[in-house]
Amino acid sequence: MKEILKQTGIVIHNQKYKDTSSLISVLSKNELMTYQVKGVEKAGSGTLKFTQLLTKLSFNYANGSLRTLTDAYIDDNYSDIKLDLNKYNYALIIMEKLNNFYSAISEKELIYDFFNELMEILKITNYPKEVALIFEVKLLYLLGVSPIFKTCVNCGRTFDIKNGVFNYAQGGMICDNCKRRFVANLNGEESTILKKIYVTKIKDVDEEVLLEYSKYSKISEVVDEYYRFHLEFDSKVKKVMKELNK
Ligand SMILES: [Zn+2]
């Protein structure tokens, strides 16, 4: 008989598998793992609900070449997020990056806690876009491609960030002496906010902080450029959102 094991985690990806099954990717404390869920297409089987994106499950599974869910319990349905299309879209943006970059993140436990904390904020906030922005900016650190804020990326000197500019292709701040020779993707004030997003601890993020971030809409555009340039990543979810908002 196959061994039955316990796990807890959040469904961040799903796809159909064979005729009546699904495969789900579950983000747990130490891993992102694929599980087969059987019978999702069968009427009355009741397993379809375990395959929904953004659902926190406690479950048992049978180990094998493909792990198979044997039974599950929904710990959190995140209905506050799912009932608000805008919030759900930003959750999708976060999950898209998690799926794409998870294998490149060395601090697995940190990303699990980080994701959980951000989903708790997303439930209650009026600024879902800024919650996704926090994820995107801090993920750069976990991927080892952090922007440089402390010194000029061109000459190496330290300077007051307010007097410099941010250039995504250069990977950080350009000082007041060098800035004439570079494109300013963000001015000094915007760069200061980007740095604040980068360094502010999640426990210190509240509506007031998010409101401040929301006043600088250019930052999220520049962060998208940063992902394109340094990680060759373009969000498909954001592309769809833009098409729908035209
Ligand atoms: Zn310089």
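What follows is a conversation about the architecture of this chain.

Author: Please note that this is a predicted model, in which local features need pLDDT of at least 70, side-chain atom pairs count only at pLDDT 80 or more, and totals for chains, interfaces and linings use all residues. Residues are numbered from 1 along each chain as its sequence is written.

Reader: Fine. How many helices and strands does the chain have?
Author: There are 8 helices and 7 strands. Helices (H or I, at least four residues) and strands (E, at least two) are DSSP runs, numbered from the N terminus.

Reader: What does the C-alpha trace span along its principal axes?
Author: The span is about 70 × 35 × 35 Å. Of the 246 residues in the chain, 31% are buried. A residue is buried if 20 or more other C-beta atoms lie within 10 Å of its own, exposed if 12 or fewer, and partly exposed in between, with C-beta atoms placed from the backbone.

Reader: Which domains does the assignment give?
Author: Domain 1 covers 4-77 and domain 2 covers 80-245; such bounds come from an automatic or database domain assignment. The C-alpha centres of the two domains lie 31 Å apart. Their contact takes 11 residues from domain 1 and 11 residues from domain 2, where two residues are in contact if their C-beta atoms, placed from the backbone, lie within 7 Å.

Reader: Which strands supply the side of domain 1 that touches domain 2?
Author: Strand E1 (4-17) and strand E2 (21-27) each supply at least two residues of that side. The residues of this side of domain 1 divide into 5 nonpolar, 4 polar and 2 charged. In this scheme Ala, Val, Leu, Ile, Met, Phe, Trp, Tyr, Cys and Pro count as nonpolar, Asp, Glu, Lys and Arg as charged, and the others, Gly among them, as polar.

Reader: In what order do the strands close into a barrel?
Author: The 5 strands close in the order E1-E2-E3-E5-E4, with mixed pairing. Two strands pair if DSSP finds at least two bridges between them. Neighbouring strands are turned by 50 degrees against each other on average, direction ignored. Axes are lines fitted to C-alpha atoms, for helices over the stretch in contact, and angles run from 0 to 180 degrees between N-to-C directions.

Reader: And how many bridges join E1 to E2?
Author: E1 and E2 run antiparallel and are joined by 7 bridges. Gln15 has Leu23 in E2 as its bridge partner, and Val11 stands opposite Val26 in E2. The two strands form a hairpin with 3 residues between them, and Lys18 in the turn has a positive phi of about 55 degrees. Helix H2 (residues 85-101) packs on the sheet, touching E1 and E2, and the direction of H2 makes about 105 degrees with that of E1.

Reader: What about the other pairings?
Author: E1 is joined to strand E4 (residues 56-62) by 7 bridges in the antiparallel sense; there, Gln7 is partnered by Phe59 in E4. E2 pairs with strand E3 (residues 32-37) over 6 bridges, also antiparallel, and a hairpin of 4 residues joins them. Leu23 has Gln36 in E3 as its bridge partner. E3 and strand E5 (residues 67-76) run parallel, joined by 2 bridges, with Tyr35 partnered by Arg67 in E5.

Reader: Is Asp71 buried or exposed, and why?
Author: Asp71 counts as exposed because it has 11 C-beta neighbours inside 10 Å. Asp71 lies in strand E5 and touches Phe59 and Asn60, not counting residues up to four places away in sequence.

Reader: Changing topic: at what angle do H3 and H4 pack?
Author: Helix H3 (residues 108-124) and helix H4 (residues 128-142) pack at about 170 degrees, with their axes 10 Å apart. H3 is therefore roughly antiparallel to H4. Angles under 35 degrees count as roughly parallel, over 145 as roughly antiparallel, 65 to 115 as roughly perpendicular and the rest as oblique.

Reader: Which residues make that contact?
Author: Among them are Leu110, Phe114 and Leu118 of H3, and Val131, Phe135 and Lys138 of H4. The residues of the contact of H3 with H4 divide into 11 nonpolar, no polar and 1 charged.
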